[in-house]
Amino acid sequence: MALLIVVGTQWGDEGKGKIIDLLSEFAHVIVRFQGGSNAGHTLVVEGEKFIFHLIPSGILHKGKRSVIGSGVVVDPHVLTDEIDSLKTKGYFQDDSQLLLSEEAHLIFPYHKLIDTGRERNRTREKIGTTGRGIGPAYEDIAARCGIRVIDLLNEKIFRTKLEETLSQKNYYLTHVLQNDSVELEPLFHEYMGYRKRLQKYVTNTSLFLAQQMDEGKNIIFEGAQGSLLDINHGTYPYVTSSNTVAGNACSGSGIGPTKINFVLGVTKAYTTRVGGGPFPTELSDEIGIRLRERGGEYGATTGRPRRCGWFDAVAIKHSIRLNGLGGLAITKLDTLAGLETIKICTAYHVGNDVIDEFPASSELLARCHPIYEEMEGWQEEISGAKEISQLPLAAQNYLKRIEELAQTPIDIISVGAQRNETILLRTIL
Ligand code: IMP
């Protein structure tokens, strides 16, 4: 039995979907433990592109079990759409492949209206939320007025809770956000429709995972977003509303921390960010545009252009510590081909000071100027490389320098979107 946590080390969109899909071959179960349909995990299989918002990427592998854990906030509309789309494409023909935690909380249309309404009314820099209702849903969990998947299974309980919550939400929507209210009856019936569709997947997923562990199965915990978007340790308030770091894999799926064997950090060979907030190595010149276009850096959930910049070793060291990373998967190395030189940020200048620790204050981070090391680039396309020795020397040197700065081994190198465009350096599962 081996338990592996895979998390993003930057601001999300590191290419976790592809890495998890790849490793799923060696796993029996793949678990989502936080976030919701703000995530967009993209993978390309035999030329076909898939974007997953809720279902773990492992669903494409026949016979593997995909778990949506209790820490996930579930939009049943998105989930049922995702199920339909997979089934239409010939995948996920066996319903026992998907398990949905009875403890997971549900997202309702009022969460999305509150999310977008708040962003609209915000006078300071916008957070740039995906508008999927994630923050308001996690607020309800903490405020103990959330409605869970298990409530959906009992019509009477569900109706009582919905009536009570909705009256409060409608007051807030109409009086504070000057929005329209949400009607009870159509909402109730819509969710009863989801109950019909989803109840066969609902179970005690913590218990299921314990049984799988007893049977010696390999389990992957699939993080969403990235460590710099973590609600406690990220660039607050420009973060998502859940803990994205590895520690939450345990509480978000109902297992104990003593069982985990390895934590892998997925790291893009450069940096991107969607939404607002400080980003010291951001490039607003033609190199930034080049990275966006070559890397297809547009949001998988919202289609927004991603902000692009150089690799930030200060941020990565922060992530390595937060997650206890044992290894790195470097993704999108191929995007860097064709550049004369490549820069790595090793510290920040703030006024007359030099700092090499990621600051807690977003205001301070916004005043940080990157200190760069410059390395030689390479011109060749590298997607065909099967071994590290087949990479241009400059690309090998770039990876070596990342490893030195991170003091963490690189275990996987991704050189293209396809499954086979990957160099595996070490067996981790
Ligand atoms: P929310 O999670 O929708 O509330 O958005 C909060 C911040 O996290 C915004 O800056 C989003 O752009 C960012 N964000 C949320 N999910 C993702 C993701 O999957 N990838 C990258 N950024 C994300």
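**Overall fold and aromatic contacts of the predicted chain**

The secondary structure of the chain comprises 13 helices and 20 strands, where helices (H or I, at least four residues) and strands (E, at least two) are DSSP runs numbered from the N terminus. The radius of gyration, taken over C-alpha atoms, is 22 Å for the chain, close to the 22 Å that the globule rule gives for 429 residues, so the chain is as compact as a globular protein of that length; the rule itself is 2.2 Å times the number of residues to the power 0.38. The structure is a predicted model, in which local features need pLDDT of at least 70 and side-chain atom pairs count only at pLDDT 80 or more, whereas totals for chains, interfaces and linings use all residues. Residues are numbered from 1 along each chain as its sequence is written, and side-chain values use heavy atoms, with hydrogens and water left out.

Along its principal axes, the C-alpha trace spans about 65 × 50 × 40 Å. Contacts, defined by heavy atoms within 4.5 Å, join residues at least 24 apart in 75% of the cases where the partners are at least 6 apart in sequence.

A search of the whole structure finds 11 aromatic pairs, for which rings of Phe, Tyr and Trp (its six-membered ring) must have centres within 6.5 Å, with planes under 30 degrees apart counted as stacked, over 60 as edge-to-face and the rest as tilted. One of these is the stacked pair of Phe50 and Phe52, with 6.2 Å centre to centre and 5° between the planes, and both residues are buried. Phe108 and Phe158 also form a stacked pair, at 6.1 Å centre to centre and 25° between the planes. Because Phe108 lies in the loop between strand E8 (105-106) and helix H3 (109-121) and Phe158 in helix H6 (residues 155-176), this pair ties together parts that are 50 residues apart in sequence. Phe108 counts as buried at 0% relative accessibility, and Phe158 likewise at 0%. Both belong to one aromatic cluster that also contains Tyr110, Phe188, Tyr191 and Tyr194.

Ile19, located in helix H1 (residues 16-24), is buried at 0% relative accessibility. Leaving aside neighbours within four places in sequence, Ile19 is in contact with Leu264, Val266, Ala329, Thr331 and Ile412.

Methods. Buried means under 20% relative accessible area, exposed over 50%, partly exposed in between (1.4 Å probe, protein chains only).
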